[in-house]
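Trainee: Before we go through this model together, could you show me how to read its charged pairs, its confidence values and its nonpolar packing?

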Amino acid sequence: MTMPSERSRSVVQTREFLVELSRNKELPESVRDQARFLLRHFPKKDDVVLAGRIEEQSETLPIGVMGAVFSSVFTG
């Protein structure tokens, strides 16, 4: 099972990869356009960290049945 810190790192690294694709002039324009399209709604690192903090704090509250999806602490 994927841990929240692993999931957070993966989302951040995927965004970085999409940014690289969107800027790579060696790729076809259609690939760069698709990467830019996906980035429009893809979370930034700060968004992932904030989501992790909110989820970590909510673990002490009697809300939600699911564990944390993201983590505020991860490497990468």
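**Reading a predicted model**

Mentor: Glu29 and Arg32 are separated by about one helical turn, because they stand 3 residues apart in helix α2 (residues 29-39), where helices (H or I, at least four residues) and strands (E, at least two) are DSSP runs numbered from the N terminus. This is a predicted model, in which local features need pLDDT of at least 70 and side-chain atom pairs count only at pLDDT 80 or more, while totals for chains, interfaces and linings use all residues. Residues are numbered from 1 along each chain as its sequence is written, and side-chain values use heavy atoms, with hydrogens and water left out.

Trainee: How many salt bridges does the rule give?

Mentor: Side chains of opposite charge can pair when their charged atoms come close. A salt bridge here is a side-chain nitrogen of Lys or Arg within 4 Å of a carboxyl oxygen of Asp or Glu, and by this rule the count comes to 3. Glu29 is paired with Arg32 at 2.6 Å, N to O, and also with Arg36 at 3.0 Å, N to O. Arg36 in turn forms a salt bridge with Asp33, their closest N and O atoms being 2.4 Å apart. Through shared partners, these salt bridges join Glu29, Arg32, Asp33 and Arg36 into one network.

Trainee: Is Arg32 buried or exposed?

Mentor: Arg32 counts as buried, at 9% relative accessibility, since buried means under 20% relative accessible area, exposed over 50%, and partly exposed in between (1.4 Å probe, protein chains only). Glu29 is partly exposed at 40%, as are Asp33 at 37% and Arg36 at 34%.

Trainee: Where is confidence lowest, and where is it highest?

Mentor: Where pLDDT is low, the predicted coordinates should not be read in detail. The pLDDT (the predictor's confidence in each residue, from 0 to 100) averages 87 over the protein chain, and 84% of the residues score at least 70. Confidence is lowest in helix α3 (residues 45-58), with a mean of 87, and highest in α2, at 98.

Trainee: Which residues make up the largest nonpolar core?

Mentor: In soluble globular proteins, nonpolar side chains tend to be buried together. A nonpolar core is a set of buried Ala, Val, Leu, Ile, Met, Phe, Trp, Tyr and Cys residues joined through side-chain atoms within 4.5 Å, and the largest one here has 6 residues, namely Val11, Val12, Val48, Val49, Phe70 and Phe74. The elements giving two or more residues to this core are α1 (4-23) and α3. Leaving aside neighbours within four places in sequence, Val11 is in contact (heavy atoms within 4.5 Å) with Phe42, Pro43, Val48 and Phe70.
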